Amino acid sequence: MNPRLPYVLLVGAAVIIFILSCMLLSRGGRSPSCKSQPSVVEQTGSTSQSLVFADLTAEEMSQVVRYLQGQLGVPLVDASRAKPWDNCIAWVDLQVPAKAEVLRFLDAGGARPAREALAVLYFGKQPEPNISEYVVGPLPTPAYHRDVTVQKYGGKVPYHRRPTLRGEYEQLGEFLETKAFAAAPTFLQEVLDYDGTNLAFQTSVPHGFQSGDRVTWFVLFQNVSGFFVHPVGLEVLVDHSSLDVSQWAVSRVFYNGQYYRDMVQLESAYVQGRISVEKVRKAPWDGEFSSMKPRAPAAAPLPVQFEPQGPRYSVRENRVVFQGWSFAFGMSVSAGLRLFDIRHKGQRVAYELSVQEALSVYGSNCPAGMSTRYMDGSFGLGRYASPLVPGLDCPYLATYVDTHSLSDSLRPKKRKASLCIFEHNLGSPLRRHYSNLQSLYYGGLVNSALVIRSITTVGNYDYVWDFIFYQNGAIEGKVQATGYPSSSFFHGDGLRYGNRLWEHTLGTIHTQFVNYKVDLDVGGVKNSLVAHDMAFEMTRAPWSPEQQIERPRLTKKVLDTEDQAAFRLQSKMPRYIYFAANSKNKWGHQRGYRIQITSLPGDHVPEASSMERAISWARYQLAVTRRKEEEPTSTSIYNQNDPWTPTVAFADFINNETITNEDLVAWITAGFLHIPHSEDIPNTVTVGNSVGFLLRPYNYYDLDPSIYSHDGVFFTSEQDFTACEINPLACLPKTASCLPNFPPFTYDGFRNM
């Protein structure tokens, strides 16, 4: 026997043991992948029923287009190529059925309402050009259409009120480049270094000062990333009222504080040396100070929220179910995110929650800035819903939903991941108590809520729209504003209208208002509006009559009419105002849902303004009216381009009708004043720019419904609170020590632009 053999065997065995030990240690140090458990989501109602509210599918939109092309008897040009004098389909959306029909179907076994579309058409090639709206159905195989324009608006909608198509903006851009700019070549080249590509523009709205006007200021910027804060000082007023593009003309020019008749006069004044030139330093393509590229390298990964056993909510078609909540969701082309048939514990608490409008009113010492009043619904809060970035716009593992829309085209467009749904652990207790008196115990419930979100990018602004569902039966509607501030060229007395953000950039003061429709059905369709508040009363102490006590007492008032229920923007409103049911809880109180508004608004446009009626919803922080099918929205997409003769004037909804024991709607306005400041560069943050409302149960239940949540925690000093069966938090090292399965990062925001 070789004397070395035992040593060789020992060394070999040691190596094998070492390798096996490393493998075991390595395997033992890695957490297993998270495994989804069978869903424990409580199922209430029917997904099939929720489809009555579902957005149109791409195929349904295409069917509507084909039907209209074959049935109207007039040629329809693709809106993306349409000239102002053409006929075209501007957009197609779901025609939401009448509430009475829907409730018969949902609650009484009635027939399913016909599925229909609403199509908005521009008829430019008519003796009297106009806008018409058609209801087309039944889908998916259309067989009829009816013109509902007169029924909805009392007459044909004048053509000048039409929202501007992308094609018209492109035609206006071409007019600027080939006609307007051609009249001032020396000025443009020497002052603005114009090369045909390095200028971008933004437009003012509304278009003029009176009905029939279609005259627009174009603000010129350097064409770089974040161009909204790179004004060059030139603004051009274009009259494009005529349907004949060859008749369009420049009617005024503004440069660095001075007005000129047209571009020819500007050129002449420059060549003769009669212009005060403020040369703007050329910015690099990334915008330099406006670039959103991080100024610091990536560091440790962000905290990530995940679901160790899979989502605790379900999304099927357009229906969401979570912890006793259920609702249907959709996306309106004009108004954006909307919810229907919202139920808690199987009972409907709201029929509809929807965004109505987003309004911005600007001030400036430049013409476009001082005349701008954006009504973003006319551009399309749903149409411009952004594809969402996983891990930033929403949690990485949220459920992402694609939506479809048809606007400015004959073909529907898919927006990948334009809605997200997720459960959000807010990292704080919804309720808790630590007892160290008498008995020793701890009880509480983590505040984990469901969020449905969309984000709209309209020009420079991004709006983050949330509806949030809490385990105590409360609902929150919230919007957060971000994006770039709108700016004017800094000159003269600019500091009266904002703050200087960069060398030539004035961040212009503006108000932001958002309007919501809240159709609460508390314990049934018929509700009343009740106000509770407080007042101090003086009384003598019964046990010591010589002493006085000031004690708060409850005040109560039923608001009987629409006039009583219309609260002006800056007026004092009862702190507890609620929709009251005709039923009572166990303690004899009317069951109710309270409206609580979170808002720090600026001032509303003076009512003496010629255009105020078009935005008269913004007069009120809250207005409660009778629900009427003929008053479906607080505004119209046509108000933007003719606010002087508004197609819908919300002020007309309020006519002192009785609102006791009626089907009621709350119209809520929330807003804030934005005075841009240096920290808005490179762009505006959401912190502090969040407004909205809460709907909270008020004696609706006999006790807080969240006590029945499976997430509750309770243990005493005498219990083993490290045991899973006593304290579910003690189970986390076992139940949550897994690695979530992260899908590869994808983003479709740059496709099909």
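Why is the disulfide of Cys34 and Cys738 right-handed? The torsion about its S-S bond is about 90°, so the disulfide takes that hand. The model is predicted: local features need pLDDT of at least 70, side-chain atom pairs count only at pLDDT 80 or more, and totals for chains, interfaces and linings use all residues. Residues are numbered from 1 along each chain as its sequence is written, and side-chain values use heavy atoms, with hydrogens and water left out.

Three disulfides are present in the structure. A disulfide is counted here when two cysteine sulfur atoms lie within 2.5 Å. Such a link is a covalent bond between the sulfur atoms of two cysteines. With the bonded cysteines of the protein numbered in sequence order, the pairing reads 1-6, 2-3, 4-5.

The sulfur atoms of Cys34 and Cys738 are 2.0 Å apart. This pair links distant parts of the chain, 704 residues apart. Cys34 sits in the loop between helix 1 (5–29) and helix 2 (47–50). Cys738 sits in the segment after helix 10 (732–735). Helices (H or I, at least four residues) and strands (E, at least two) are DSSP runs, numbered from the N terminus. Cys34 and Cys738 are both buried. Buried means under 20% relative accessible area, exposed means over 50%, and partly exposed lies in between (1.4 Å probe, protein chains only).

In the disulfide of Cys394 and Cys420, the sulfur atoms are 2.1 Å apart. The S-S torsion of Cys394 and Cys420 is about -80°, so this disulfide is left-handed. The pair again links distant parts of the chain, here 26 residues apart. Cys394 belongs to the loop between strand 16 (373–375) and strand 17 (399–407), and Cys420 to strand 18 (residues 413–437). Cys394 is buried at 1% relative accessibility. Cys420 is buried at 0%.

Cys724 and Cys731 form a disulfide with a sulfur separation of 2.4 Å. Cys724 is partly exposed, at a relative accessible area of 29%. Cys731, at 14%, is buried. Two further cysteines were examined for burial. Cys88 is buried at 2% relative accessibility, and Cys366 is buried at 0%.

Charged pairs were considered next. Side chains of opposite charge can pair when their charged atoms come close. The structure holds 39 salt bridges. A salt bridge requires a side-chain nitrogen of Lys or Arg within 4 Å of a carboxyl oxygen of Asp or Glu.

One of them joins Arg553 to Glu537, with 3.5 Å between the closest N and O atoms. Arg553 is partly exposed, with a relative accessible area of 39%. Glu537 is also partly exposed, at 25%.

Arg613 and Asp652 meet in a salt bridge with an N to O distance of 3.0 Å. Here the pair links distant parts of the chain, 39 residues apart. Arg613 is in the loop between strand 30 (590–598) and strand 31 (620–626). Asp652 is in the loop between strand 31 and strand 32 (662–674). Arg613 is partly exposed at 36% relative accessible area, and Asp652 is partly exposed at 45%.

Arg627 pairs with Glu629, the closest N and O atoms being 2.8 Å apart. Arg627 is buried, with a relative accessible area of 17%, whereas Glu629 is partly exposed at 39%. Both residues belong to a network of salt bridges that also links Lys99, Asp519, Asp521 and Asp663.

An unreviewed UniProt entry annotates Tyr461 as "modified residue: 2',4',5'-topaquinone". UniProt positions are given in the numbering used here, feature names are shortened, and annotations may be inferred rather than shown by experiment. Tyr461 is found in strand 20 (residues 461–469). At 2% relative accessibility, Tyr461 is buried. Leaving aside neighbours within four places in sequence, Tyr461 is in contact (heavy atoms within 4.5 Å) with Tyr362, Thr456, Ala481, Thr482, Tyr484, His510, Gln512 and His674. The side chains of Tyr461 and Gln512 are joined by a polar contact of 3.2 Å. A polar contact is a pair of N or O atoms within 3.5 Å; within protein, one must be able to donate a hydrogen and the other to accept it, and residues adjacent in sequence count only if both atoms are side-chain atoms.
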